[in-house]
Amino acid sequence: MARQARLFIPECPVVLELQGVGGQDVFKTREAFAFFRDRLPVSAREEGVQVHAYGLATVGAMVMLLVTDAQQAGRFVQNLNRHFSPVIKDAQPTLGGPVWEPRFKSTVVQPGSRSLKACLFVEQLALRVHQTLDLATYPWSSYAAHAGVVNEPWLADLPSYWALGNTPFERQSRYRQFSEQGFSDRDQRELTECIHKGWLWSDDAFFQQVEPLANRAARPRPRGRPAKA
């Protein structure tokens, strides 16, 4: 069976999930985390993508991007891997074979409030795997930048983040408040399923609006024969 193309819808952010091959830990040293994080803006610039958010944990990485075509996310990941894998194998000899699972997972997200939720979901990776209790002091996530703790000017802020306030202080304060509200179990379950299956995460009205713009089916087709007219 032919591999399904990655979903692409113009002007919609994409969430990527990279996992260590066979479930192995990828980031075992501070140097590994730092190299990957520092490589993100370089690969983004070289491939012409914008990075909205990132989250790293020992088990892997999540990144939120804005891309301009269906192949751009794949080229970005290839660029990252081409520079990261040789370095990390030298630093961590136990990683003898491939570093990442051969096909990363991804989803396209509806702009607006859902994109802000997805941004936080990406940043909370280490929180979900119990690697940190405080994202504000965790150096391997863009949460600290969005919360005003550190400055990462290479990040491209989402329009929904800009809409939080008129000044950086207002946006940072309201994003902290937003993060404290938590992520509902339903949202987390739906977004996780969309990432793992490659479907659009959106409401029904947005799906109907953008379906003609997508490069393939954005949601699974209903089972059974079409209803008779």
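This is a predicted model: local features need pLDDT of at least 70, side-chain atom pairs count only at pLDDT 80 or more; totals for chains, interfaces and linings use all residues.
Biologist: Why are helix 3 and helix 7 called roughly perpendicular?

Modeller: Look at the crossing angle. The axes of helix 3 (residues 113-123) and helix 7 (residues 168-180) cross at roughly 75°. Angles of 65 to 115 degrees count as roughly perpendicular. The two helices are therefore roughly perpendicular to each other.

Biologist: What makes the contact between them?

Modeller: Contact means heavy atoms within 4.5 Å. Helix 3 brings Leu116, Lys117, Cys119, Leu120 and Glu123. Helix 7 brings Tyr175, Phe178 and Ser179. These residues divide into 5 nonpolar, 1 polar and 2 charged.

Biologist: Now the largest pocket. How do you know which residues line it?

Modeller: Lining residues have an atom within 4 Å of a pocket point. By that rule, 21 residues line the largest pocket. Arg6, Gly74, Gln78, Pro102 and Phe104 lie nearest its centre. Its volume is about 440 Å³.

Biologist: Which element gives the largest share of the lining?

Modeller: Helix 2 does, with 5 residues. Strand 1 (14-19) and helix 2 (72-91) are the elements that give two or more.

Biologist: How do the lining residues divide by type?

Modeller: There are 9 nonpolar, 8 polar and 4 charged. Gly counts as polar here, and Gly74 is one of the residues nearest the centre.

Key: Residues are numbered from 1 along each chain as its sequence is written. Side-chain values use heavy atoms; hydrogens and water are left out. Axes are lines fitted to C-alpha atoms, for helices over the stretch in contact, and angles run from 0 to 180 degrees between N-to-C directions. Helices (H or I, at least four residues) and strands (E, at least two) are DSSP runs, numbered from the N terminus. Angles under 35 degrees count as roughly parallel, over 145 as roughly antiparallel, 65 to 115 as roughly perpendicular and the rest as oblique. On a 1 Å grid over the protein atoms alone, a cavity is a set of points where a 1.4 Å probe fits but cannot get out, and a pocket is an open set with protein on both sides within 12 Å along at least five of seven lines; lining residues have an atom within 4 Å of a point. Grid points are joined across faces, edges and corners, and a volume is the space filled by probe spheres set on the points.
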